[in-house]
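Hi,

Here is the structure I said I'd pass along. Have a look first, and my notes follow below.

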Amino acid sequence: MKPKYFSIPYIVWMGIFVVAPIFFVVVYAFTTADGYPTLQNFAAMSRFTPVFIRSFLLAFISTVICILIGYPVAYILSREGKRVQRLMIMLIVLPMWMNFLLRTYAWMSILENTGLLNRFLAFLGLPALNIINTPTAVVIGMVYNFLPFMILPVYSVIVKIDRSLFEAAQDLGANNFSVFRKVVFPMSLPGVLSGIMMVFVPAVSTFVITQLLGGGMVMMLGDLIEMQFLGTAYNPQLGSAIALVMMFIVIVFMYFVNRFGQSDEKAVGA
Amino acid sequence: MKRILIVTLVFCLLLPAAVFAVGCSRGEGAAGVVNVHNWGEYIDESIFRIFERETGIKVNYSTFETNEALYSLMRRGGANIDVIIPSDYMIARMIEEDMLAELDFSNIPNFSLIDERYKGLGYDPGDKFSVAYMTGTVGLIYNSSKISEQIGSWSALFDSSYSGQILMFDNPRDAFGIALKYLGYSLNTVNETEILEAYDLLAAQRPILQAYVMDQIFDKLESGEAWIGPYYAGDFLVMQENNPDLRFARPVEGTNYFVDAMCIPSAAANKTNAEIFINFMASTEIALMNMEYIMYASANFEAAEIFAEELDPDDYSVMFASYDVLANSEVYAHLPRNILELYDELWVELKR
């Protein structure tokens, strides 16, 4: 028995901190600085096409890498004993207790030309790697920061799958690979989908990582939007319009990802 | 479980109210309050106690990170602020948009202690809205163990023999300012051809740059990761403490110097208290304390003279720009909107 009024605080909270800001973004995006309705904020959008393409591409690459690393980690973890699981989950979550900026700064000192990594390579007599201030460094920074958001949802779904299903599949003659392909993977898809959402969305709008690890050499959407609010020209209308277009593309992308997920689940059911 | 949830939610809901209540009960001094909004790490906070003891006015202090963040805060209706310390070009913009109140100089007798060089400047030609606080210049900071030549011109930032070792400002105004100065133009030009010429120079510089940076320059120059980059004179002194090989040079083409000045927003609730605070800040004793703490050059000439006696002459020449340096250097002016938008547009183009 759940009285409905318990949800009132939540609704108020969401209204103030989620709905209202989005409402303001929409209003700003369609008005001029003087408050008149306009579409001119969207007219200049094509100028930013390279920034859009770069942001979505780097976010896509980071998400794929997070799946490739995160899924096996989550899977292996789910098959370990309870104590190991608890310990490992703690180790995965632990870095998140530290400030995101500090951790990114640490990566700067690791990847720099005179940084830890290159000093170690030089010590081994290996040639230096030139990673800092390139898009590679940005992707490394994003994968590092967002990987837990892929591991945790996948892990929490896999760990809840009923073990007897594996046994049933094995009884019916499936080898380990088939058990994984036909039982574990399809059933873990919801976890992968929420992992994708939790990695891809923040990755698209990242901004500090480009400045610290990318050396500010290229611009991503987060930087572009920040520049409209805190830059020289102060143009919150244009900034809102860019944010709105970005949100729109993300929603369309997520719609197709979810559709793909659902059709896959149906295929399993059939 | 449900109870925990409810308690959490109620707590979250009450939090803003609680913060508000605390805000209201911050306590007033016998003679009221003054709300001061300043750059981070840009004041010796121990002076607040002296001020409170002398005047009975309680200081509420908060900080901002950039002029643009301050502007954006005030445009959004801002918090309740009585004293702000923006830089030159931002003061001009705020005056133009009626965001500042005219000062009553009968409450600020210490205005007479401000160096004539920092009066009547372009951003506030009639000295009606601002009292200069600290000043400084932008110069070239380089590592003398890596660069053996004498550096004296902006050309070093465009020299391909330092390829991969050069840092540049990560904001359009400062980056374009340097390019414009190097080309011999004013850094406040509104001539689009000159700005486009500066853009070509920056675009040609990009392949030999190591990175565009702001405060990351501290790490990168101190550790030897990069060899040369432009930054503020006061910050150079901090960097040099950590790496004695670093040197400071003021380019012959002239540079940007800035004046951060104390102003009162037109919506200030405690204007008289704000003027008393500004007068206090302009006094020689307090200017000295602040200068020793932040290592920027005070606009108070008495304080500057006293400080010169106790300071290493090299450090003094970095902190305090001489008249001839200022002669071909410029303070940023507030530019018309179409030029600011052109800057932003070209900046995006540069970083495509």
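A word on "domain" before anything else: the domain bounds come from an automatic or database domain assignment. Also keep in mind that this is a predicted model.

With that in place, chain B is split into domain 1 (29–130 + 263–319) and domain 2 (137–257 + 327–350). The C-alpha centres of these two domains of chain B are 27 Å apart. Where they touch, domain 1 of chain B puts in 14 residues and domain 2 of chain B puts in 10 residues. On the domain 1 side, α4 (88–96) and α12 (313–319) of chain B each bring at least two residues, and α4(B) gives the most, with five residues. That side of domain 1 has nine nonpolar, one polar and four charged residues.

There's also a helix pair in chain B to look at. The axes of α5 (residues 172–182) and α14 (residues 337–350) of chain B come within 10 Å and cross at roughly 90°, so α5(B) and α14(B) are roughly perpendicular to each other. B:Pro172, B:Arg173 and B:Phe176 from α5(B) meet B:Tyr343, B:Asp344 and B:Trp347 from α14(B). Sorted by class, that contact has four nonpolar, no polar and two charged residues.

Finally, the two chains. Their contact takes 28 residues from chain A and 28 residues from chain B. On the chain A side, the elements that give two or more residues are α1 (8–29), α3 (49–78), α10 (208–212) and α11 (221–230) of chain A. The chain A residues there divide into 18 nonpolar, eight polar and two charged.

Cheers

Key
Residues are numbered from 1 along each chain as its sequence is written. Chains are lettered from A and ligands numbered from 1 in the order in which they are written. This is a predicted model: local features need pLDDT of at least 70, side-chain atom pairs count only at pLDDT 80 or more; totals for chains, interfaces and linings use all residues. Two residues are in contact if their C-beta atoms, placed from the backbone, lie within 7 Å. Helices (H or I, at least four residues) and strands (E, at least two) are DSSP runs, numbered from the N terminus. Ala, Val, Leu, Ile, Met, Phe, Trp, Tyr, Cys and Pro count as nonpolar, Asp, Glu, Lys and Arg as charged, and the others, Gly among them, as polar. Axes are lines fitted to C-alpha atoms, for helices over the stretch in contact, and angles run from 0 to 180 degrees between N-to-C directions. Angles under 35 degrees count as roughly parallel, over 145 as roughly antiparallel, 65 to 115 as roughly perpendicular and the rest as oblique.
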